[in-house]
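Have the structure open as you read.

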Amino acid sequence: MAAPHPDAARDLIARGDAVLGIELGSTRIKACLVGPGATVLAAGGEDWENEFVDRRWTYSLDAVDAGLQAAYAALVADVRARYDVGIESLAGIGVSAMMHGYLASDADGRLLVPFRTWRNTSTGPAAAVLTELLGVNIPLRWSIAHLWQAVLDEEEHVPRVAAITTLAGHVHRRLSGVTVLGVGDASGMFPIDPATHDWDDGLVARFDGLADGRLPGLRSLLPEVVVAGRPAGSLTADGAAYLDPTGRLRPGAVLAPPEGDAGTGMVATNAVAPREGNVSVGTSVFAMVVLEGPLGGTHHEIDLVTTPAGDPVAMVHCNNGASELGAWAGVFGRFAEAAGAPMTADRVFEVLFAEALAGDADAGGLLAYNLLAGEPIADLEEGRPLVIRTPDSRLTLGNLMRAHLYGVFGTLAIGMRVLADEGVRLDRMLAHGGLFRTPGVGERVLASAIGAPVAVGETAAEGGAWGMAVLAAYAVSGASEDLPSWLAEHVFDGAAFRSVEPDPDEVRAFAAWLERYRAGLAVERAAVDAL
């Protein structure tokens, strides 16, 4: 996807024909501007971080506003530097963000309690009740679990709840004044009916029966559901001023249905057809596998969600991802600096990952747990990062880093084995996220963990913001093709991927490591109790 000539790009931006994708990730807010064929014209971003307040993970809405505006301003600055032109109008905008969580507002749209993110794991009683009632797995992070836990806990705000949404839905409403969600993001709030691509009316009725008047009817609380390709409002004057306080941006851009980061990850890797999967690695790690048919049973390790087009997906979501690996890389980066040999962050990872590949296939008997937060797949309400070894283990830099890389995919591998036992077939797994910036390492470890081919595309660095820009372009296009066909023809035709086949010896080594990892979870639980 070669970028257009700078003169052509300048004219396109000046005409207002570019499309903007925004994603509010767990550690960074990204903005990506694209042209024809989803070619990247410019990008901007802003770092941010969640806060642990009153034993809940949260982001303040002030931080949302400031971070969003800073990311957009950085994009505008990049456009100015590249093309010597400003952004006065856009053809389309799409917003995605971390899925799940709890944003509850009253009848006047005021937030009732601080935003509760997907990372919170205090909803166990509610999730258990709802899973039994609805007959489908309701994970701890789903919005409906947060809502029902608030009811069970008799929280003061519950009688005033008039609407709930996700972070993407909140930002979309600020930009457009419209209360909607893309079907993929919606599927992480409450189950979706695969026939209608809307809230499952039968399950809504069951929930309303459980609530028994303690809440308004659930449909009145939930946003309208919209599938990919359909417009979901337009940028209002207030929304333009919200995104661009300088006043230069004009209203009118088509708004795509707001999506979750899982859906944009699938789009960014072109993993939206049956027997294809996608893995996103960031603060969390999750895999999405598009299903050919229903699963045979209910499993607490598996969420049933959808693609942005509404097709059924099995999702393995792990609350903990590459953050602990990044912290260790920071330690070694600082060591290099203190030793008088400073390195860039990318170079630190290159060196450490090369050492990991030189380590023993079984990581020398070392175990690394990346569990900064609770991890439902491992039945942990809280986490404690740990490195564990026995006296006869082989402590080397290579084994330490291989153990940390294995640890990133430890709980993911547990969930993927549940899908394998269900007979779910996977032709290939497409991967994206910063872990894959160093070629040939992250995908090799992941292939060993899941026993399937792994591919990384050239778009991986742009990630979800680019995927959301693609969905916005799809909405603007008015195309009649379904999403997989449109992506294949207009975005990924001729796209390059680097692929890794699983090595049988490394698959066996990871499987043996995973058995030790499962056994070592007892140490993790003891650490949670003791520390």
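## Ground rules

Let's start with accessibility: buried means under 20% relative accessible area, exposed means over 50%, and partly exposed is in between, using a 1.4 Å probe and protein chains only. This is a predicted model, in which local features need pLDDT of at least 70 and side-chain atom pairs count only at pLDDT 80 or more, while totals for chains, interfaces and linings use all residues. Residues are numbered from 1 along each chain as its sequence is written, and side-chain values use heavy atoms, with hydrogens and water left out.

## Salt bridges

A salt bridge here is a side-chain nitrogen of Lys or Arg within 4 Å of a carboxyl oxygen of Asp or Glu. Side chains of opposite charge can pair when their charged atoms come close. The structure has 30 such salt bridges.

One of them joins Asp7 to Arg10, at 2.7 Å from N to O. Both belong to helix H1 (residues 6-15), and because they sit three residues apart, about one helical turn separates Asp7 from Arg10. Helices, by the way, are DSSP runs of H or I with at least four residues, numbered from the N terminus, while strands are runs of E with at least two. Asp7 is partly exposed at 39% relative accessibility, and Arg10 is partly exposed too, at 28%.

Glu156 pairs with Arg160, their closest N and O atoms lying 2.8 Å apart. Glu156 is exposed, at 60% relative accessible area, whereas Arg160 is partly exposed at 39%.

Over in helix H18 (residues 504-530), Asp505 and Arg508 are three residues apart, so about one helical turn lies between them. Their side chains form a salt bridge with an N to O distance of 2.3 Å, and both Asp505 and Arg508 are exposed.

## Where H16 meets H17

Helix H16 (residues 463-477) packs against helix H17 (residues 483-490) at about 100°, with the axes 12 Å apart. Axes are lines fitted to C-alpha atoms, for helices over the stretch in contact, and angles run from 0 to 180 degrees between N-to-C directions. Angles under 35 degrees count as roughly parallel, over 145 as roughly antiparallel, 65 to 115 as roughly perpendicular and the rest as oblique. H16 and H17 are therefore roughly perpendicular to each other.

So which residues of H16 and H17 make the contact? With contact meaning heavy atoms within 4.5 Å, H16 brings Val470, Leu471, Ala473, Tyr474 and Ser477, and H17 brings Leu483, Trp486 and Leu487.
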